[in-house]
Amino acid sequence: LADDLFNLTGIPCSIHLYCSSASSKVLQPHTDPYDVLVWQLVGSKRWRACVPHKEMARWSFGIEVQISDAQHCLLQELARENIEGCTSYTVDDADSLACQDFVMAPGDVLYMPKGVVHYAITEPDSEAFHLTIGLHRVNMQWLDVLHHMLKEITQRSLSAATPQRVAGAISTEHAMMEIYSETAEGVHLHETVPGWLLRCFRPWYMDAAHRSLQGVDAGGSKTKRIRVDDPDECDSRYQELRRILLLHLEKWGNWLLKLKMHSPWRVAMRTAERERTAGVEPDLIHVAPLFWWSGDLHFLKALLDDNSFLRALVKIGETVDESDTKRRVWERRLKERTHELR
């Protein structure tokens, strides 16, 4: 099933079976770190799925434009300083949100985007079984694409510099990207790269395409069973991915321009204040990259490089199963404290 779903969506999946006795509550209200498909197999369960009220975006983040329920959910995770997900809620906290109730019968499927608060209760007259299918996004987000591109571009541009200088530059640009991704404006970087558009960048596909160009018979290997698409199909997928990349870069670029105009120091101080331990003065070492930034935006232009983008897509294409979403995770910006849920 996981393989079939990956072949359909291009997104690594995990599958868990939950077997519940009558009237039992499966889990406390919580969010997941990925999109979820719930497939009811036996018996019935009452599900409650909750999203933030529409006003939350305006009241908490000053957002006036219309955004989707999925984006509201990411903002809710951001407000609780846990953008990665797996946030626990009390029943009262969950019920204070905008909730919908569903009775899932055998054969029913429910889709919930990342960040939806949910829990289930088995009906009183019988036991119930359901599958939870997680559509993983770690190493598959636009944040990860930009990580690979920034790392390569910075190392290339500073190849003649000292290792310490290269490390510092990477830290500066990554810090700005990560800080942006943890703002209301930047949550879009946590969106998943469309897996179905990555077919031409998967390791086995690239091997099969290479063999085809070389006229090599793959014999009984896996590559023999792979259909090599017309180059125009691969180019069409690439152009769509590039179009989406440009939309993300435009939003980040606008934020950086405002940051440059209104002083990085202000954002650095605000970030340090938000991440400080209660009762302790802000530690500015953890936001030092923002102070080091000269306001130079040339690296954004470098992110338009096709070759860097192609190589980043190949890196993303290496994420083909759940284990890959737990390995190769790049080191995140050091923060002063571990986030505590508010």
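This is a predicted model: local features need pLDDT of at least 70, side-chain atom pairs count only at pLDDT 80 or more; totals for chains, interfaces and linings use all residues.
Which element gives the largest share of the nonpolar patch?

Let me begin with the chain as a whole. The protein chain has 342 residues, and buried residues make up 47% of them. Its secondary structure consists of 12 helices and seven strands. If we take the contacts between residues at least 6 apart in sequence, 81% of them join residues that are at least 24 apart. As for the surface, the chain exposes about 17600 Å², and 55% of that area is supplied by carbon and sulfur atoms.

Now to the patch. On the surface, Leu 1, Ile 15, Leu 17, Trp 39, Leu 41, Val 42 and Val 109 form a nonpolar patch, and together they have about 580 Å² of accessible area. Two elements, β1 (13-20) and β2 (35-42), each give two or more residues to this patch, and the answer to my opening question is β2, which contributes three residues, the largest share. Trp 39, one of the patch residues, has its place in strand β2, and with a relative accessible area of 34% this tryptophan is partly exposed.

Let me turn next to an open sheet of three strands, which are arranged in the order β4-β3-β6 with antiparallel pairing. Strands β4 (98-104) and β6 (117-122) stand at the edges and have a single partner strand each, so one side of each is left without a neighbour in the sheet. From one strand to the next, the twist averages 20°. In general, the strands of a sheet pair through backbone hydrogen bonds, and they may do so in a parallel or an antiparallel way. Here, strand β3, which covers residues 45-51, runs antiparallel to β4 and is joined to it by seven bridges.

Is His 148 buried or partly exposed? At 22% relative accessibility, it counts as partly exposed, since the cut-off for buried is under 20%. Leaving aside residues up to four places away in sequence, His 148 touches Ala 312, Lys 315 and Ile 316. With Ile 316, the separation is 168 residues along the sequence, while the C-alpha to C-alpha distance in space is 8.8 Å.

Technical notes. Residues are numbered from 1 along each chain as its sequence is written. Side-chain values use heavy atoms; hydrogens and water are left out. Two strands pair if DSSP finds at least two bridges between them. Helices (H or I, at least four residues) and strands (E, at least two) are DSSP runs, numbered from the N terminus. Axes are lines fitted to C-alpha atoms, for helices over the stretch in contact, and angles run from 0 to 180 degrees between N-to-C directions. Patches are made of residues with over 30% relative accessible area and no salt bridge: like charges are joined within 9 Å, nonpolar side chains (Val, Leu, Ile, Met, Phe, Trp, Tyr) within 5 Å. Accessible areas come from the Shrake-Rupley method with a 1.4 Å probe; for residues, only the protein chains shown count as cover. A salt bridge is a side-chain nitrogen of Lys or Arg within 4 Å of a carboxyl oxygen of Asp or Glu. Buried means under 20% relative accessible area, exposed over 50%, partly exposed in between (1.4 Å probe, protein chains only). Contact means heavy atoms within 4.5 Å.
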